[in-house]
Structure formats: C-alpha cells, structure tokens
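Colleague: Could you walk me through reading the contacts in a model like this one? I'd like the general idea first and then the case at hand.

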Number of protein chains: 2
Amino acid sequence: MKKKLWVITALMMTTTTMMTAQNTPTTKPLFAFEDLIPGGSTYYTHSYPKTLYLTWWGDQCVERNLEECSLIDNVMGDRKPLFTLSAVNASLTDTQVPYLYLVEFPYPDQPLVLLETPKGRRLWNWETKQVVWSQNGPEGDVTQDWSKDSRHLAYVKDHNLYVVTADGQDMAVSTDGNLDLVYGESVHREEFGISKGTFWSPDGQKLAFYRMDQSMVTSYPQVNIKTDELDATTSRIAVMEPDKYPMAGETSHQVKVGIFDVNSQKTIYLDTPQGSLSGDSVATSTPIYFTNISWAPDGKMLYLIELNRDQNHARLKAYDAATGKFLATLLEEKSDKYVEPMHPIVFLPWDQTKFIYQTRNRDGYNHLYLCTLPDGFPVKPAVNIKPLTCGSFEVLSFEGFNKEKKTILFTSNEADPIGCSVYSVDLKGKRTRLNAQADGWHNVQFAESGAAFFDSWASGNDFENGRLIDVYPASGNSATKGKAPLRLLTARDPWQDFQVPEIKTGTIKAADGVTDLYYRLVLPTNFNPSKKYPTVIYVYGGPHAHLVDAGRHWGVGGWDVWMAQQGYVMFTLDNRGSEHRGLAFEQATFRQLGVEEMKDQLCGVDFLKSLPYVDADRLGVHGWSFGGFMTTSLMTTYPDVFKVGVAGGPVIDWRYYEVMYGERYMDTPQTNPEGYNSTSLLGKAANLKGHLLVIYGGNDPTCVPQHTLSFIRACIDGGTYPDLFTYPGDGHNMQGTDRVHLYRKISQYFDDFLKNK
Amino acid sequence: MKKKLWVITALMMTTTTMMTAQNTPTTKPLFAFEDLIPGGSTYYTHSYPKTLYLTWWGDQCVERNLEECSLIDNVMGDRKPLFTLSAVNASLTDTQVPYLYLVEFPYPDQPLVLLETPKGRRLWNWETKQVVWSQNGPEGDVTQDWSKDSRHLAYVKDHNLYVVTADGQDMAVSTDGNLDLVYGESVHREEFGISKGTFWSPDGQKLAFYRMDQSMVTSYPQVNIKTDELDATTSRIAVMEPDKYPMAGETSHQVKVGIFDVNSQKTIYLDTPQGSLSGDSVATSTPIYFTNISWAPDGKMLYLIELNRDQNHARLKAYDAATGKFLATLLEEKSDKYVEPMHPIVFLPWDQTKFIYQTRNRDGYNHLYLCTLPDGFPVKPAVNIKPLTCGSFEVLSFEGFNKEKKTILFTSNEADPIGCSVYSVDLKGKRTRLNAQADGWHNVQFAESGAAFFDSWASGNDFENGRLIDVYPASGNSATKGKAPLRLLTARDPWQDFQVPEIKTGTIKAADGVTDLYYRLVLPTNFNPSKKYPTVIYVYGGPHAHLVDAGRHWGVGGWDVWMAQQGYVMFTLDNRGSEHRGLAFEQATFRQLGVEEMKDQLCGVDFLKSLPYVDADRLGVHGWSFGGFMTTSLMTTYPDVFKVGVAGGPVIDWRYYEVMYGERYMDTPQTNPEGYNSTSLLGKAANLKGHLLVIYGGNDPTCVPQHTLSFIRACIDGGTYPDLFTYPGDGHNMQGTDRVHLYRKISQYFDDFLKNK
C-alpha cells in the first residue's frame, strides 16, 4: 500500500501538451462533469489522450495490444506481427491470459515472452509456439519479485517471505512474521525512495530483504464499518483494524537487512547498528534508517545508505554479503537541516570500480556524481567523488547507461525549471540533450542497451495534441543519422472537442523577494474581462510535489477546468518547499512547515488582487493532504482573506504525523516544541471565520482521522463552525466513483458559499 | 452510564407552565441564543424558572439551601432554621461538605442528616452537633448503594462488587470482574426499567445483585482521539475503547442474579434458567432477561420477572433467598407482539400477602393491579389478581402508599391525555385526585408515610408562572382540612421578560383516521398571518417518549422558540408509537418501525399545508436519535415533501441497534427480514434530494457511529449528497457548550438552505 503524503491531483496530472487555449466563440459543447474527473464515466474518452503500450525487446521496439504483439521498425515505423493472444492461449494448457498489454520480453537474444498468468509465470517461445518454462504460484494478490537471471521468485504473504526457485521448489525464508514483525516488505513508510522489500543479487541466487520489528510501535485504531457485510452470518458489527503508526517523537520500528542464499537456504543478517528507539529519549546519532540497498556487481557486497533518526547524517556503507560483516563507510553526508538519501548507487556496467551517486547536498541541487573505489577497497575505503552534472537545475531521474557510448542517461529540468528533458552525460561531464524538443514534459523509456528510447511527451505550448510518442532508435543505425526521431503516435487532445478555458502560466516573486515561483492561471470559460469573478486557489505546497509544469495544459487538473466553466478564476502557485527547485528552495520551510509556504501563497493573493477581473471579496482555497494542511492553515491564519476553503485529508498537527516524513522537516516535538506548537491548527481553530469544509478518508492510513477529528473538536471548543465530510472505508485519496462524488461535493460547496454569495 | 434511546429535547423539557403567549407589540427584548439552549451562559437565568430544594424528614417539610436547612411549617409556610453548613463543617474533622442542597434525612424519628462527604458518609445530629456515625470510602466516582436500615454500603469498582459494612469492614463480593464479566451493574442495557445492579434486602443484611457475562458479546470499536493528551508523555495516538454491544439477532450476554449475605459473607446464585444465546439460533422461549427484582417483606424470597428473548412471554417468579432455589411462578403474560415488564412488584406495607403489580397487557393501558398470594404460597402459587385502576388512560408512576388510609398513590393522565396528576386509590378501586388543579403536569414527591406530598407543577394554560410548588400536608392535620394546599413557590416564568412567540396545542387525526394525535405549533415572533413562513417539524416519534404535554409552554423547547424568533413556524406531533397513549397506540408500529409513524407525520404535513401562512415549499424536519431515524426516513421516503433535514444520532438500520430495545419492536433480522429491509435507510439513501445534515456523537455508545457512517457510505454509493458533522468524544447527546454549538450549527443549516433559499 502506497502511503506517501501526496497530492490528490498528482493522479490527475497526465503528461501531455497544449498551449493556452483561447476560448473562441464556438459551437463546441461545454464539458460534462464526468468528462473531467478521473473515475467519471466519460473521463477516458473525453480527457485522456490515446496512448500506446510500448516496450523493448533488446533494442527492438514492441507494441503490445489486447490480442497481438508487434515489432515496430524503428526507422520506418512499419508493424510486423509477432504473435497473437489466441496463439499464446492455445498452447497454455492449464491457464489463460486475458490480454497482452503488460507482457515483458526479458531476454534480448531469445524469442521469449514472459506471461504472468493466474497460475504463475510462463516463458513462451513465439517461434516454436511452446511454453519453454513454467513456475506456478503463489496464489492470491501478493507482492512478488522475480529475477530474470535465476528465474527464482520471491514473494510475501501474511508478512512472511518465501522463495519459489526456478525449478519450482518452495522455501520459507521466514515463519514468524505477523503485524509486529514483517519480512520482505517496504519499510520506513516508503520514505527515502524505498518502494520494495526484496532485492535479488545480480545472478539472482541471493535475496537481500528487509525485516522490520514494529512490536514497539503504537497502533492506530482504524475501524472497518463493514458496510458490505450487513447480512454476514458471523457479525455485522464494526471491527477494529489496527495499523502500526509511529507518531513524530514517539517510539519507532527497528529494521534489519537479511540475505537469503537460495542454494544453501541459509539467512544471514547484516551487522548494522541498532539504535535506541524509545520515544522519550530519541536517538539522534545512531543510524536507524537502512535505505537505498544495492548489490555489488559481483554479488559479494551489499551497499546501503544508513541514516540517523535526526536525518542529518547519512553514511554509504558496504557489508559482506556472505557474512553480514561491516566492511567500509564509503561516503558520509551531514547537514544542519536534513539529508534525504533517495537513490541507490549504481555501478558502471563497463567498470566495476565506479558507481553513480546522486545527492542534493553537495551543491544545492540534485546531481549525478561519479565515484571511484580505491585500490584495496574495502580495506581502503576512501572514495574519489567528482561531479558529472552541476548547475542550478535538478537531475530528475537516473535512466541508465548507453553501454556502447559509455554515457549516463538521465532526465533534468535544465532546459526549463518546470520541464523535463532527456540527457546523456559522458564521464568527463559533457551533457547532450537527447530529445529533439526542449519544451514540455518528457517521459522516457530506454532500451536496456541505452542506445534507443521512447519519448512520451506533451507541452503546455501545444494545445492541439494531448500526447506525442517518439522513438529514438539505436544510434548505431546509420539510416537515422541526422534524421528526426520517428513519431509513433500523435494523439489529438480530446479536450479540443470542447470549450477549453484559457490556461496561462508565468512567474511571480516569492515572499523572499528574489525567488521565482511558477503559477498557473485558468480563466473562466467565456471570460469577460470587465466582470469580477470568484477565485479559487488550488494548493499543495509540500515537498516532493509540484502542480505547475510544462506538460499538457501546464499540468492543469480537470476540476480546475470544471470550475472555470462554472465561472471561477482558478489559480495555483508552487510555493517554496515544493519540488525540483533545489535544496534552499525546499529547506526554507525547515522546522516550521506552512509558514513560508503561506507567505508565498499570500504573494499569489496579491498577484490575484492586481488582476481587475478577480473578486478579492470572493477568494477560496482548496487542497488535499499537505494541501489540506495549507488550506486549513490559510483559512485560520488569514481569516479575512479567504471566504471559503475545502481541506481534504489534512495534516492538522504534525505531532499526529509519522516519524520518517514528519521529523525530517520538523525535527521532533521534544526538540522543536515551538515549531510544532506554532504550526498546529488546533491552536488556530478558534480563528476560523469563513466556510471551511474538511474532508477525510474514513480509514486514512497516512493522515489518520485523528487529525481532522481533533480539529473539529478544537473548533467546537473554540466556538467556530467548520463543515465536515468523510468517505467511510476510503484511504488517503478517493478513487473511482468516490472521486467523482468528492469533486461534486467540493464544487457544490464553493457554489453555495463563494459563487452564489 | 445511561444508554437509553432517548430524545435530546427530553433534557430541555422542564415541567412548568404557561399559556399561549400572544406576542403583543411590546418593547420586550428578543431572546439571545444562549438564553434558550441548555448549556448557554444565560440559560439558567433566562429560561429556567426558580426552584426549591425540598425533601422530607418524616412528614415534615425541609428546605435545603447552599448554607442552611430549614423546616417549613406545612400549614403556615414559616421557615425555621434547622442547621447551617458552617455548623456541619465545624464538627467534621477530616473532611468538609460544599453545600447542603442534596443532604438527606433518612430517619423520621431521629434528628440525623446524612452527609455524602468526599471521604464517605456521615450521620450528623443537628441537636448535639455531633457526627454520630461515619463510614469512609470508597474513593473515586463509583456507583454506590447504601442501606439506611443496616447502614451497609454496596459499591462497584472496575466491574467488581464490594460491601462496606456499617462498622467499616470492607468485603469483596467478587474478584474476577472485568469488561467481560461485570458484577453489581445495570444489565440488559437498562431496558425493562432496570436502572441499577444492587438491591438491599429490607433489613439491609442481604444484597441481591446482577452478574453479567458478556464475554460472548461483540465489542464495538469506539475510538478515543485523546485531544486532551497532545503533550502526553506516553503516546498521543488515538486508542480503541471497546464497548460491548450486542446487535439485534446476534449473540447476547448472559445474566445471573446473586445474593450476598453480609453476615456469612457467602454468595448464592438464583437457580434461574439459562437460555441459549447464540446468534444463529436465537432462543425465543427460554427466559434470558431477569428484570424487576424486588424482595419479599420478610427478606426470605426474591421476586423477579423473567422474559424470553422474543420478549413475548413474561413470568413473575419467586426464588428462595437463602438457597437460590426456584419456588413458584406467580403470574405469566404473553403477547403476539411483546410484553414489556417495567415495574417491580411492591408489597402492601400493612399486608404482606398482597402486592401491587403494573401491566399494560391486561386492558391495553398501564394499570395497577392488586395481587394476593394464596394460603400455602409458595407451594400453592396461584395468585389472585384484580384491577385497582382501569380505563383508557395510563398510570404514569407508582408513588407509594398512604399507610394510614391504606391507599395506593400514583400519577396518571386520566384528567388529560397529555397531563400528569396525582391520585390515590383504595383497595376497592376508588380513585381520588389529590392535587387541586387538574390541568398541567405535576411532579410529586411523597413523604414516606404517604400522608403529605410536594407538587411541583406547571401548565400550558398558565403563561405567567414557570413553576409552582405546593405542599399538601398530612391529612391528619386538622388545620388543613378543606383548605387549599400551601403554596411554597410561585416562580415567575423568566421568558416573560422577552418576546415569547405564540405557542398553541391541539389534535389532528392520525393516518388511521380515528386516533387523536397531539400537536404543538409555534408561530413566528411578530407573526404576520399574510406572510408565508418556512416551517420546521421537530420530531421524535419513538416509544417511551412524548414531546407535547400540558406542562410549561406545552413542553416546548428553547430551540423552537429561537427558530420562531428567526421567522420559522415550528411544529411537533406525537405520532402513534409514542408514550402514554396505550398499548395499541404504541404497538401500531410493531415489526416496521417508522412506517406508521411517518404516515402520521404526513398527516401533520397536510395540516400544516392547510395553514395559509405555512410555506409548503419550505418544509424542514429535525430530530435526534429515534427522531434522527424519523428525520432521515422522512427525507428519503418523501424526498419531494421536505427540503431540509437535520438528523442527529440517527438509527439508520435496526440491524445495527442493540438486542433488547431493537428486538422488542422489530423481532430479529432472522425472523423479520422484510421489516428490517424495508425500514433500513441504507436502501433509501439514493432517494435523497433535499439538504440533509447528519450529526453524530463521535463516541455514541447508543446509536453507534456505524449507523451514520454506513448511511454516508450508502449515499456516496447511491450518488446523493448528505452533509455531515460529528462531536468527537461525545456520546449520544451533546451537553453543555457542545449543545450550544450543536444548535447554532443546526439553526445555521436551516437558515442557509431553508429560510434563505
């Protein structure tokens, strides 16, 4: 389960293109509500640009469809059928696959497709039309991790870790797993870039895994109201479903890293330090977070980055994969605020003494570094480190290597702070942009050789097309030299069939007077500049997210468009603290989340007030999660500025948020009481003057219901009158039809109390 | 903890008087909100008529005040000081009492006052000014039951039962008590008239008590969000506080009755039958409810009324108090609907072979019966039973005996179906009304001899006075022969200082076409008959409650007055199913709660539509608990009739309500699936059209949050849009400042969506 503090509209943001769409007097129809909201019955046809299901077989491009896979000629674009679903299913004796969209081609030199069937994995040879290898199990919807090298499978069931070998042997790595002791799962609440709990060695014969003891962690008492069990034969009464939730400053879990050797069936644990985790004496110096696991190319060592609870001291360490013994500390990073290791090291495929390291702490932006192990490593641990990229932009993602050219592949926002383009860099630091167009937001998928890639992109400057997919073939192909990439898809934006409001972007200065902040402004459909319009700020404002980007319609969400169609000006500003703008930009908020962010949002308000068509007496604000915190903060800190707010899944008091995310930005309640007190919305609840609707998922495991309910209690005690809604059974975000309901509810609230007042 | 399904305005209803108050063009001020709502800062001064703290010392009338107790001359009304607080406290060496309002005078022939001090009980002689007897403990806020005869004290702490003897010896009656096994507490969720769990024998040497095994009962997962523990040194995370809650048709608890002999320190248990209580095979014939415990006058037998789970077969039984053995079944009652034993038998003080029995099942109204034990009882068990009262009215309460005149004292609504007067009846059935005025609602407090009583009363016909207190002295006092009672208090209605809206009462016909239903109508302040007003129905509608009575302002609540002042017509109708109108009136709703009730409320709507000043396009409805069920039922069953509703603490599906109350009226989900299905509001949630605000206490132990949350979920799934609010930490009703907040919230909702639309 994904538990990140994340903006709800991240789900809305697709990665495509359109320039400010003038709404001309036209006969085009208006949008229906369900056209614009994910989960709406017409959302996919009216808002989602067509796409292709592409993947790589070696350097060859494969298009996957429901019933057929085809090779695409990288130069000419011709499709050549590879195999059909009926052919696949005809040779599957005990199971069937329903479609071919997600099949994989793990071996560049073999005509084998990997099928995930209800019974297990099958490798199917499309030349002989035979299943050449089978591996059954596991049953049920369990987390799986398959090694294409050894063909062993690791999976987690009921908090225990199991392996099925390539020849079908079933092994239990652990047997004592339960809610208190979990094996093979993501740990540390998926912070620090952690997204899984198992890590196969390069040859697939050893499995590194996390083991998390959370017996000492308090449980949040989530309640399942069992609405679907009214006629249950057992009992229909609600039941508690406790969820381990370590709150900031309180006792947290303890993690170890194990290595299971499939051949010996033995497990060893790394000799990592184990800090004290008691709530009343928070360990600040001992490493307690074990992050960014990666294997040495020869499988003999395991690397990881260890971080102390205070999150201001990271250590890149090497352990002996056979014994678990500590070998060397390669690098250390310290900060007077926090360091946040997010990226495992990756060794150069052509030189096992060198690896790529990413950090934002060396020059204030996330960059790539080339590290060289010394002769005599690990006895001599001193690593040579030199920058591969530098400058006031951020590397957004590491994408691999071009093994032939010996370059490193990545994306960055060098060309445009709100854009994303594809680059290579050689070991001397020479960067080359690989995608033809510098504008827009480019999602890239490289072939394993790194010689070819797909580029699925869109740009705010292009409002005709919703998605473009180009293929850049392997550079060794002389036919493409100097040619433009081959366009595989030109997906017209489905919004072109409707009256799209004008969507603009630009920058204003932050409250510090110097920093540029990007905004997006959506004007009402049938805009009349002599009118005064109610105006709603859609906000997130927290780290690791942005709302304004160079993609399709500048990243606008469908709800903004709906509101514009109802006669609202919609405005969004990515304040300091949000992502992709460097370390100082993000860390301006340290130990006082919300304070600088609100100052920047008030600069946005000043900008709005400078626009003659904005009705400054009818300003509203809406946001979810961190954006719900921002909304509630703004409504209670500036009660005379905002008339109406809708806060979803809000953080109300960072004391109720979890250890890993919360303490990074706020330290602990013990060490930063003034920061926790001054940002708490419990103390501001009595300030509320406008209409504030607070909405939470009834079983939110991220911002637990205690946030919203405590705020409601504080408002009652303080004599103020918020409104409330909940989605029973839902988590941190609403999806499907619940999302449609949610945005109808939110829209109605602004109509009732902002537009029609 | 009181857990009855009860109407929130029951707390509002005081028992005083006033006739339809014409709002004349006057300079009187309007009410402030807090004048009218219990919990408001000016409620007690502006809405609560003055009272006296009276009690009896034998047949002598005592007035208790903060600092003094006085004897009142029953004939002349002169006060004679008895003792002062300072005198009391001067002789208390180790503790003090803060006021004298609640002291008691247990011994008619001794000058002793019983003081409940923080340290324990003291008997203080006001002539010698000495403490003559002390009994320390128990500490903390625990349930206590003191015998004035033996001066032993029983108390319950942490689910175990203890006795402190008159001489201070501490005894544990039980030691294995916990949430699963409770001793000495109220059982069966306080249905069947049960309000306590300990029962002293006449001489105070034996203690009958309940023992309830609820280990087999499901727990409702109530959550304590600990808003007051933000800086807790342990953990601030929410905690589960499970509450045993047997839902209709599911497995219920098992109760036994024990008797503890203080002298032998031995406990025996009655040999009561123990029925099967498994949820999937509901026992319908075996007695499982053990109710209405009373002692034989000689303390040798214990009587109780046993009832089967189907609640249609009651048995009055006698058990041997020394051995626990079953002795005799004295009476049985059966019904094709339900019987509901509410009253323990009471033996005549002057004849230990005769007792008073109350039932509504013999002639359709609650009446008193005189029962005579046969010679040879208990071997010969056949009891002779004959009516003492009869007729189409209800005995409302048994009040005791006049031992000298050998009459039985009670209240009834014989004089007025919505009134309450005081009567005596002799053994031949001759009734005499004892209070001078037949109108109004009379609260009576008899001296133990039954010869004298206080009458605290008010009448809807009298709008000058808020409360009148009369004393009727002992009839043996020749000075009062033929005289009017002595008036001790004439408390002017504090509302007379404000503009009181016109408040009327009357009857309309029920949906059956024949039954009279009582309504109350409140006209807007500054009523203009040529205007059209928004109109709100305030509803309860369930059994064991009424909203319209002959008391002060016809039982109106302050919120109705507030709403009238805001320009609403307010209307309330006690539909069939409500109390005091006989068995057929109540049981018209059997197995389909809400159906007939709504039909009657629609008769009320027809009546309202016949009034030229009612705006039929702006009808609203509000109710709490059963009234919340009614409100939600009306909003979803008649979505075109009601535009706005506010439902508080509603029952949404009777399958989520508890066994004892729920199965009485609805049978079980297994035996009455069509009744449960057709009355469930989950199936009607998709019908909602108007504005419906649903409010619940965050920790409601009566209508558990599962009701409201399931309804919200059903509305989301059904594509309808209710509003929601909750009072975190509150139970079934809001009190104090939360109540003020609640009614502001409710008022605002009607203003937003009914009045100003």
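Modeller: We'll go through the interface, the salt bridges, the aromatic pairs and then some backbone details.

Modeller: Before that, some ground rules: this is a predicted model, so local features need pLDDT of at least 70 and side-chain atom pairs count only at pLDDT 80 or more, while totals for chains, interfaces and linings use all residues. Residues are numbered from 1 along each chain as its sequence is written, chains are lettered from A and ligands numbered from 1 in the order in which they are written, and side-chain values use heavy atoms, with hydrogens and water left out.

Colleague: Fine. How many residues does the contact take from chain A and from chain B?

Modeller: Contact means heavy atoms within 4.5 Å. On that basis, chain A gives 53 residues and chain B gives 53 residues.

Colleague: And what is the area buried between chain A and chain B?

Modeller: Buried area is the accessible area (1.4 Å probe) that two parts lose on being put together, summed over both. Here that comes to about 4400 Å², with carbon and sulfur atoms giving 61%.

Colleague: How many residue pairs are in polar contact across the interface of chain A and chain B?

Modeller: A polar contact is a pair of N or O atoms within 3.5 Å; within protein, one must be able to donate a hydrogen and the other to accept it, and residues adjacent in sequence count only if both atoms are side-chain atoms. The rule finds 26 such residue pairs across the interface, both residues at pLDDT 80 or more. Several elements of chain A each supply at least two residues to the side that touches chain B, among them strand E15 (219-224) and helix H10 (706-718). Helices (H or I, at least four residues) and strands (E, at least two) are DSSP runs, numbered from the N terminus. The largest share of that side, eight residues, comes from H10(A).

Colleague: Now salt bridges. What's the idea?

Modeller: Side chains of opposite charge can pair when their charged atoms come close. The rule asks for a side-chain nitrogen of Lys or Arg within 4 Å of a carboxyl oxygen of Asp or Glu. The structure holds 66 of them over all chains, and eight cross the interface of chain A and chain B. One crossing case joins B:Arg236 to A:Glu250, at 3.6 Å from N to O.

Colleague: Which residue does B:Arg360 form a salt bridge with?

Modeller: B:Glu586, with the closest N and O atoms 3.2 Å apart. B:Arg360 sits in the loop between strand E24 (351-359) and strand E25 (367-372) of chain B and B:Glu586 in helix H5 (residues 583-587) of chain B, so the pair ties together parts that are 226 residues apart in sequence. For accessibility, buried means under 20% relative accessible area, exposed over 50%, and partly exposed in between (1.4 Å probe, protein chains only). B:Arg360 has 16% and counts as buried; B:Glu586 is buried too, at 3%.

Colleague: Is A:Lys509, which pairs with A:Asp516, buried or partly exposed?

Modeller: A:Lys509 is partly exposed, at 43%, and A:Asp516 is partly exposed at 31%. Their salt bridge spans 2.9 Å, N to O.

Colleague: How do I read ring pairs?

Modeller: Rings of Phe, Tyr and Trp (its six-membered ring) pair if their centres lie within 6.5 Å; planes under 30 degrees apart count as stacked, over 60 as edge-to-face and the rest as tilted. Over all chains the count comes to 95 aromatic pairs. A:Tyr519 and A:Phe607 have ring centres 4.7 Å apart and planes at 35°, so that pair is tilted. A:Tyr519 is buried at 11%, and A:Phe607 is buried at 18%. In chain B, B:Phe199 and B:Tyr210 are edge-to-face, 5.7 Å centre to centre with 85° between the planes. Both B:Phe199 and B:Tyr210 are buried.

Colleague: Lastly, the backbone: where is there a cis peptide bond?

Modeller: One joins A:Gly137 and A:Pro138, with omega about -10°. A:Pro138 lies in the loop between strand E7 (130-136) and strand E8 (143-146) of chain A. Another cis peptide bond joins A:Phe377 and A:Pro378, with omega about 10°.

Colleague: What about phi of B:Lys129?

Modeller: B:Lys129 has a positive phi of about 55° although it is not a glycine. B:Lys129 belongs to the loop between strand E6 (120-125) and strand E7 (130-136) of chain B.
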